[in-house]
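Please walk me through this structure, one part at a time.

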Amino acid sequence: MTCAAALDLLGPYVDDDLPTESRRRVEAHLLTCRDCAWEAQTLRLTRERLRDGIGEVVASDAFRARTLARLHADNAHLSPTADVPEPDPLQFRLPFKV
Amino acid sequence: MTPPRSGAYGGGGDSAYESRLIERFKSGDSRALETLFDRYADRTLGLAVRLTDTREDAEEVAQEAFLRAFRFAREMRGDTVTSFGAWLFSIVRSLAADRRRQLKLPALISLAAPELEAVAADAMDVGEEAARRAERADLLQALDALPEEYRAVLTLCDLEDVPHAEAAQVLGRSPAATKSLLYRARRALRDRLAERWKGVSEI
């Protein structure tokens, strides 16, 4: 396999998206070619860094609350959420007279 | 420990579940709206952060994208429902582009301040945490300096783990063209990072 052919396949190779036969040919080439091996290794490392949760963004509670409030206001057809039930007045009544 | 992201893709059967949520939302169930919002909040904001210059812009873009996506969903007929995520991410992309045009700014390198990038902070010793933070800053800085299309495909496919087919819808490309864009984008990112990696013995 030539370097050009190997380089063409490194994208799917790094994603484990090659048929077995092509993967084996790429691997055989990588064992004999330092440049292509470096290319494969650094691409793999780049992919891993990205997938490591390293750039993960988490929506803050404030953003969630603000956006949900706007979404509720914008969707008047929705029935009110039953998440917070009205407190049942009976629940707090003491079983005896004070 | 950070809990798993609520919006993680569940694999098979996911789109059927999502269609049901959209139907329930249309018929007035506010919990369906909340569930859909929760599934996508982190990833929508994540994409917006990568495509805009400040956290404030990103939050505005993400919020507006949710408003529009739910408006679309309300007007959609049942049988034409495609992926809610693909709509949402497409809207984020177009709003972010509009904002850039309005401001007439080129892509700025946003400094990834630690407090802006809430990151899984597992129990790690301090040295490891510091190294990780530096690594993250390098990576995000390199990512933010790439062309918009590269940032979009890397954010969707690698950072957010959106399926290729859905990323392809957002990018308006075939799945095969999306993959090849992804490979080019990774290579471009690698080139930016490579300078820093030179001489590092493990590589």
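A residue counts as buried if 20 or more other C-beta atoms lie within 10 Å of its own, as exposed if 12 or fewer do, and as partly exposed in between, with C-beta atoms placed from the backbone. Helices are DSSP runs of H or I with at least four residues, strands are runs of E with at least two, and both are numbered from the N terminus.

The model is predicted: local features need pLDDT of at least 70, side-chain atom pairs count only at pLDDT 80 or more, and totals for chains, interfaces and linings use all residues. Residues are numbered from 1 along each chain as its sequence is written, while chains are lettered from A and ligands numbered from 1 in the order in which they are written.

Start with helix α6 of chain B, residues 148-159, where 9 of the 12 residues are buried. Among them are B:Arg151, B:Val153, B:Leu156 and B:Asp158. Just after α6(B), B:Asp161 has a positive phi of about 55 degrees.

Next comes the nonpolar core, a set of buried Ala, Val, Leu, Ile, Met, Phe, Trp, Tyr and Cys residues joined through C-beta atoms within 7 Å. The largest one has 56 residues, and B:Val153 and B:Leu156 are among those with the most contacts inside it, as is B:Val92. Helices α1 to α8 of chain B each supply at least two residues of this core, and α2(B) gives the most, with 11 residues. Two residues are in contact if their C-beta atoms, placed from the backbone, lie within 7 Å. A second, separate core of 10 residues includes A:Leu9 and A:Tyr13.

Now turn to the two chains together. In chain A, 31 residues are in contact with 38 residues of chain B. On the side of chain A that touches chain B, α3(A) provides the largest share, 9 residues. By class, that side has 12 nonpolar, 12 polar and 7 charged residues.

Last is confidence. pLDDT is the predictor's confidence in each residue, from 0 to 100. Chain A averages 85 and chain B averages 80. In chain B, pLDDT stays under 50 over residues 1-13, and it is below 50 over residues 107-124. Where pLDDT is low, the predicted coordinates should not be read in detail. For the complex, the predictor gives an ipTM of 0.74 and a pTM of 0.75.

Methods
Ala, Val, Leu, Ile, Met, Phe, Trp, Tyr, Cys and Pro count as nonpolar, Asp, Glu, Lys and Arg as charged, and the others, Gly among them, as polar.
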